[in-house]
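Let's walk through this one with a few quick questions and work each answer out from the model.

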Amino acid sequence: MSPTRRSVLKGIASAATLAASGVPKAFAAPRRRKTPPADAVGLLYDATRCIGCQACVVKCKEANGMPPDTGTPRGPMYDAPDDLNAKTKNIIKLYKGEDGRTSFMKAQCMHCVDPACASVCMISALYKGPRGIVVYDPGKCVGCRYCQTACPFNMPKYEWRTAFPKIVKCEMCRHLVEKGGIPACVAACPREAVIFGGLETLRADAKGRLAREPKRYFPKVYGDTDGGGTQVLYLSAAGIPFGKLGLPDLGDEPLPELTESLQHAVYQGFIAPVALYAILGFAVYRSFRSQHPRKGGEK
Amino acid sequence: MSRKAQAVGGSILTWPFIAALAVFALCLPVLAWRFLYGLGPTTGMNDGFPWGIWIAFDVVTGTALACGGFSVAILCYAFNKGKYHPLIRPAILTSALGYSLAGASVIIDLGRYWNVWKIPLLWNWNRNSVLLEVALCIMTYVFVLWIELSPAFFEVWEEQEKYPLLCRVARWLHGLLNRYLIGILALGILLPTMHQSSLGSLMLIMTTKLHKLWHTPLLPVLFLSSAILMGYAAVIFESALADEVFDRPRETKILASMSGIMVVVLFFFLGVRLVDLALRDRLGLVARLDFYSGMFLLEMALFLAPALLLLSRKGRNNPGIELISAILMMVAGTLYRFDTFLVGFRPGPGWSYFPTIPEMAVTIGFVAFEVLAYLFIVKKFPILHTGAPPHGLDAATPKPSG
């Protein structure tokens, strides 16, 4: 009994070491931080300028050929989505604090510099496309919905009510941007609450606004470094932290960092699995030899 | 060569078989509904909880409960414990069935299943994707399991003198298999090691969504060790049932010593789980006594109970205690997986998930199909052992190659 136990324990310990060997290594040598391409584009949304007219919601649907979301069949006849969904890639929400403060909030894909959705996608149906836009290729998507569980912003949406569904998310109107245009939400905004431009220009612009009117703003540009940085940047009104607007506190580390460094450490060049395979092959061979004496004899 | 695996024989159309068939038939209209109208109308899944029980139970828990073949193979081959051989074939059978049905569940759950063939194409791979590794490993492992089980079929077909072609093909394939068996058996240990740990790694990226009591860099270690445990428990459970139903002598001694191994792995799992929480200052979350700490404590109790019940030799030698411990162990591993994938998963305010009845009907129907297939195969093919305890060899052991 005891040799069995000891050897099993040893084996489990070594298997665990193999599985866990990535942990220290991963933290010792983190993978290289990703940076946005030089020609990266983005959006800057200034919540203090937004009047909640929802023109951007309407124009987004028009530009992307999205159907209206009228809620219940007997409900209002106008487009009234209650959140981002398979019919809505962009939405304006209202935050109402206990102190009576209010703020509008625009929600759409954040176009992360190092996106979790693209990191987890099995065959890269979601990927960082030209100018850093996170692009969806339905031709490759198998509909596993890992992008949805992985996205910290809950941005990718799924067409639940069809036999042939797709993932739906903002692609920064890439069909317009490719031709030198600008995203529909930006074009629709009467107050320049959301603007489009080169990522570096937008960053400088946002920081400039903070510096010029420190009393107007909450003292932070969301997306500058959050979760490794996003290509959509946010400014919020003084006294309204970003958490209230539904933007999670991610820290500066990109979400894929932990998983990818672990996976890379364990599966680097496929050496560990091949080595384990060789060891197992030898163990099986040895057990055949010992359990199989020459001619059907006893052990 | 004192004993062999033998087909149980007897009639196929028994009452349990017909009952299981009826339960399975119930899920067929649901499947038609799902493929015609999508996942929204049929399931409780939504944009906040895009993964439901078809992933959390059928795939993540189902494959772990189907780890019997893996867990026994570790003992038999990696640690050279020949005495566990009589357990191998039934364990491999339940594994093959469990994994095949997990694969079928994935196809039902995938929204765009018609693109699945693009996953194995090398040039498409995103090497950063944990799910890609899981998918490739599970696809391969399903084949490996049926190949590992195939001698049971060949042994029958080789005797079918009425069909000389079947006979010859079976003999040829059997010979071919024996030549490559070592490589295949080693794959049968490597692949589950990889994907059972990676099923835990799937949740690593959800740093903000997964509750801190379950999110840890050690998820792969915890998932692998608990899968091995669930494998042993499933073997004990299955052999207790088979002995009862088919009135066979119990493998008391072998099962008792396997229970001993289970205790060791159980304490390893519990140790890792608690030390990890302690080192990262998360034990305070347990003291909060909220819903999550309650689920955590229930989970810990379910893991601890079989460890304590099987701690003494007396407990291990008592078939009743052994069976109860195995059931507790399977429930514990299931709850750990549900907690990690559904209960501790918090996508944000306003989102909730509970499986719908049609959704559960599919899961239950698939389990019923497993029972059907198991009954059919053990009656027709040599899976279960008979007679006195073995000395050395058993019929399923092939000659060493080379």
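Q: In the loop between which strand and which helix of chain A is the place of A:Cys173?
A: This is a predicted model, so keep that in mind throughout. Here A:Cys173 has a positive phi of about 45° although it isn't a glycine. Its loop sits between strand S7 (167-168) and helix H6 (174-177) of chain A.

Q: Does A:Cys173 count as buried or exposed?
A: The cut-off for buried is 20 or more other C-beta atoms within 10 Å. A:Cys173 has 23 C-beta neighbours inside 10 Å, so it counts as buried.

Q: What does A:Gln54 count as, going by its C-beta neighbours?
A: A:Gln54 is another residue other than glycine with a positive phi, near 65°. You'll find A:Gln54 in the loop between strand S1 (41-46) and helix H3 (55-64) of chain A. Buried needs 20 or more neighbours and exposed needs 12 or fewer. With 19 inside 10 Å, A:Gln54 therefore counts as partly exposed.

Q: Which residue is the bridge partner of A:Lys93 in S3(A)?
A: Strand S2 (residues 91-96) and strand S3 (residues 102-107) of chain A pair in the antiparallel sense, over 6 bridges. Their hairpin has 5 residues between the strands, and A:Gly100 takes a positive phi near 85° there. Across in S3(A), the partner of A:Lys93 is A:Met105.

Q: How many of the 12 residues of H9(A) are buried?
A: Helix H9 (residues 256-267) of chain A reaches 16 Å from its first C-alpha to its last, close to the 16 Å expected at 1.5 Å a residue. Among its buried residues are A:Pro256, A:Leu258, A:Leu262 and A:Val266, along with A:Glu257 and A:Glu260. H9(A) is mostly covered, and the buried count is 10.

Q: What is the phi of A:Gly269, which follows H9(A)?
A: H9(A) covers residues 256-267. A:Gly269 comes after the helix, and its phi is positive, near 60°.

Q: Which element gives the most to the side of chain B that touches chain A?
A: On the contact count, 72 residues of chain B meet 67 residues of chain A. Elements of chain B giving two or more residues to that side include helix H1 (15-37), helix H6 (130-157), helix H7 (164-201) and helix H8 (219-245). With 10 residues, the one that gives the most is H7(B).

Q: By class, how many charged residues does the side of chain B that touches chain A have?
A: Start with the nonpolar residues on that side, which number 42. Then there are 25 polar ones.

Definitions and conventions: Residues numbered from 1 in each chain as written. Chains lettered and ligands numbered in written order. Predicted model: local features only at pLDDT ≥ 70, side-chain atom pairs only at ≥ 80, totals over all residues. Contact = placed C-beta atoms within 7 Å. Helix = DSSP H or I, 4+ residues; strand = E, 2+ residues; numbered from the N terminus. Nonpolar A, V, L, I, M, F, W, Y, C, P; charged D, E, K, R; others polar. Expected span 1.5 Å × (residues − 1). Pairing = 2+ DSSP bridges.
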